Each structure stands twice: as C-alpha cells, then as structure tokens.
Amino acid sequence: MNEILVTLDEYLDGNNWRKPALLSLIVILAIALRLIFIEISNSDYTDCFLLWYEQFLKVGRIDAYQEMFFNYSPALPYLIDVMTLFRGIPGVIAVKLIPIVFDFVAAAGVMKIVKIRYPKGSLPVLAFGIFLFLPTVFVVSSMWGQFDSIFTAFLVWCFYFLLQERYWLAMLSFSVAFCFKLQAVFFGPILLILLLRRKIPFYQFFLIPVVYFISVVPAWLAGGPLDELLLAYFAQFGNFRELSKAAPNLYSFLPATPPGYEVIVWIGLGIALAVTLGYVFLRWRKWKDLGQVSLGYDAAFFTLLVPFLLPKMHDRYFFTACVFIFILFFYDPRTIGLVLLSQVSSTMAYIVFLTTFPEVITRIAAVFTVLLVAGWVWMYKNHLHRLHLLSSGAS
C-alpha cells in the first residue's frame with residue numbers, strides 16, 4: 001500500500017496540472033453517480049419535503065411561514081424555499097440538489113482535515129474522492145434525498161477548526177449545524193471536554209443560542225409563531241412512539257412499542273447521559289491527551305455511542321458517525337475495520353427503508369453496530385496504551 005501511495009505521490013507531483021485534473025475527474029464521477037439516482041422518489045420526499053416545496057410555490061415565499069407546515073427548525077425550509085426559484089428543475093431534483101451540494105462541502109472538510117495529518121502527498125485528495133463514493137454518503141443524499149449531509153458538513157468543518165485551535169470558527173460551525181438538525185448535539189460533548197480543559201472559553205457557547213435565534217428571525221418576521229419556531233426541536237421528541245425507527249441500535253432487538261415503553265425511554269436517556277458524562281469526566285481528569293488522534297476518537301465515540309444508546313433514533317442517525325470514523329482512519333489506520341463495519345451497518349439500515357427488504361435486516365445491521373462499538377472500545381484501549389508507553393518513554 002505504501003509503495004502505491006509513493007508512486008501516486010510522485011506521479012501527481014510530477015506535473016502541476018495532474019492533481020487538479022484528478023480532483024476534477026473525482027468531482028465529475030461523483031456528480032455522475034448522484035445523477036443516476038437523483039430522480040428516485042420515496043415516502044420521505046412525497047410526504048414531507050415535496051409538500052414543503054409545493055407550499056412555497058402555492059402560498060408564496062413570505063406568507064408560507066405564517067403556518068408551521070414544517071416540523072424542523074426553519075433553516076432547512078429556507079434552502080428548499082430558495083430552490084423554488086429554479087422553476088425549470090423538477091421538484092425532486094431541486095430538493096435533492098441541496099444535500100448533494102453539501103456532500104462536496106463535507107468532502108472538502110475531510111480533505112482539509114486529512115491534510116493536517118499529511119500536509120504533503122496524495123492522501124488528502126484520496127480521502128476527498130473516497131468519501132464521495134462511500135455508500136452511506138451518496139445513498140442518503142442522491143437516492144434518499146435526506147439532509148444529513150448538511151449539518152454533518154458543518155460538524156466536519158467544526159472539527160477541522162478544533163484541530164487548528166480556531167475555536168471561534170469551530171463554535172460558529174457547530175452553531176450552524178445545530179440550526180439544521182438537533183442531532184448535531186451528538187458531537188457536542190467534545191466541545192464540553194475542551195471547555196473543561198480550558199481550551200474553549202465558556203462565553204463562546206453563547207454563540208449557539210444566538211445563531212439559532214438569528215436563524216428563526218426571517219421566519220418570525222414573515223409571520224411565523226416565535227414560540228413554535230424556537231421550540232421546534234422539543235416538538236420533534238413526541239413525533240412518534242417507537243423505541244427505534246429502524247435504527248440499528250440496541251432498541252432494534254426489542255418490540256417497537258413494548259410494555260413499559262415510557263420507562264424504557266427514560267432509562268435509555270439516563271444511560272446515554274451517564275455514559276456520555278462519564279466519558280467526558282475521564283477525558284477531563286484521567287485521559288488528558290488532546291492530540292489529533294485522541295480528538296478523532298472522541299468525535300467517533302460521541303457520534304457513534306450516543307445514537308447507539310438513545311431510544312427513538314432513526315435509521316440515518318449513524319450517518320455522522322460513519323463520517324467521523326472514516327476521518328479517524330486517516331489518523332489511525334488500524335481502525336480500517338471500524339470503517340467497514342460502519343458502512344455495512346448503516347447501509348443495511350438504509351436498505352430497509354429504500355426497498356421491500358424485511359425489517360429483520362435492521363436487526364442484522366444492529367449486530368454489526370454492536371461489533372462496531374466493541375471494536376471502537378478495543379481500538380481506543382490500544383490507543384490509550386500507546387499513549388501510556390509514549391509518556392513512560394518520555395519520562
């Protein structure tokens with residue numbers, strides 16, 4: 001593998017046009033792949049996003065916001081609203097172009113992160129290219145038409161700025177991610193670790209509510225109810241009564257709505273909170289290394305373990321974990337097995353929604369997620385051991 005990379009580096013560095021040409025080819029092929037699936041529709045689109053798109057066309061850009069016809073924060077409807085300007089594009093394509101664009105925004109962030117680790121050579125370009133062809137990436141955006149790539153792209157750039165110790169920009173990126181999806185909070189504990197370690201000053205956390213409030217102002221000024229706009233995420237919590245919406249996590253092994261459902265939900269919330277805070281405490285008081293690899297393990301941990309332990313998760317909620325596990329691989333190549341397990345688990349979960357495959361596939365996917373979690377624990381244990389040996393040698 002190293003010989004292949006050395007040969008590729010020599011070839012790409014042999015002429016100034018070769019690396020831009022490779023990047024251009026990757027972009028063209030990635031766009032072509034997405035165009036294959038872009039006209040495929042599904043119930044998420046017809047029952048939700050298409051209705052939003054048509055509401056803007058029917059009611060008008062301003063008057064539409066007077067009614068809470070969307071069950072998200074308004075940041076995403078703004079983008080769908082913008083796409084109604086392109087009337088010549090079919091609605092399904094117009095809406096899907098949004099997450100497709102953010103696939104490339106996220107890929108650019110991945111490339112920048114890998115370039116921190118490998119400032120010279122072809123690995124950053126390869127990371128950019130491979131990312132765009134990961135099944136969990138192009139299936140969600142172009143085939144499914146879901147928007148997880150938007151908030152995840154901002155989290156990727158948040159992580160890039162954290163590694164660069166540009167904390168204002170990191171907090172701003174996280175705040176924008178939170179405006180698009182509540183699930184951005186899965187990444188949030190890494191910011192708490194850096195707060196406790198006195199890397200991020202506490203006042204920078206005020207950016208989160210400030211940016212969120214700014215994001216709802218246009219909808220509010222257009223006549224939308226301010227209380228509902230501000231509390232949109234609280235309303236989402238009661239949207240359904242199932243322990244798992246086909247998410248390949250612990251709850252996929254249980255009935256969707258078992259006896260004692262409410263108790264199980266609260267126990268699950270408690271366990272997730274306890275594990276998260278316990279890890280934060282250990283990172284604060286015991287596992288104190290804040291190197292790039294350790295932060296990579298943190299990002300993978302929170303985006304993986306939180307949806308694994310939480311009830312009421314959707315099938316797509318491991319999307320962000322797949323991204324950060326992929327990034328972690330370039331900082332610790334021993335984690336290649338985690339990349340493969342994450343891709344298999346999440347892709348299998350997507351198949352259940354996008355096809356007529358039986359729901360038992362979700363339980364099989366959950367087995368892979370259990371192996372993924374166990375693999376992360378094993379790899380992190382080895383990472384801590386290596387850090388201990390390095391510190392012992394230094395002393």
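Residues V110, I113, V114, I116 and R117 of helix α5 meet F326, I327, F330 and Y331 of helix α16, contact being defined as heavy atoms within 4.5 Å. By class, this contact comprises eight nonpolar residues, no polar residue and one charged residue. The model is predicted, so local features require pLDDT of at least 70 and side-chain atom pairs pLDDT 80 or more, whereas totals for chains, interfaces and linings use all residues. Residues are numbered from 1 along each chain as its sequence is written, and side-chain values use heavy atoms, without hydrogens and water.

The axes of α5 (residues 91-117) and α16 (residues 319-331) come within 9 Å and cross at roughly 20°. The two helices are therefore roughly parallel to each other, a term applied to angles under 35 degrees.

L33, R34 and F37 of α2 make the contact with V137, F138, S141, S142 and M143 of α7. Five nonpolar, two polar and one charged residues form this contact of α2 with α7.

The largest cavity is lined by Y72, L76, Q146, F147, I150, F151, F180 and K181; a cavity is a set of points on a 1 Å grid where a 1.4 Å probe fits but cannot get out, and lining residues have an atom within 4 Å of a point. Six of these lining residues are nonpolar, one is polar and one is charged.

Technical notes
Helices (H or I, at least four residues) and strands (E, at least two) are DSSP runs, numbered from the N terminus. Ala, Val, Leu, Ile, Met, Phe, Trp, Tyr, Cys and Pro count as nonpolar, Asp, Glu, Lys and Arg as charged, and the others, Gly among them, as polar. On a 1 Å grid over the protein atoms alone, a cavity is a set of points where a 1.4 Å probe fits but cannot get out, and a pocket is an open set with protein on both sides within 12 Å along at least five of seven lines; lining residues have an atom within 4 Å of a point. Axes are lines fitted to C-alpha atoms, for helices over the stretch in contact, and angles run from 0 to 180 degrees between N-to-C directions. Angles under 35 degrees count as roughly parallel, over 145 as roughly antiparallel, 65 to 115 as roughly perpendicular and the rest as oblique.
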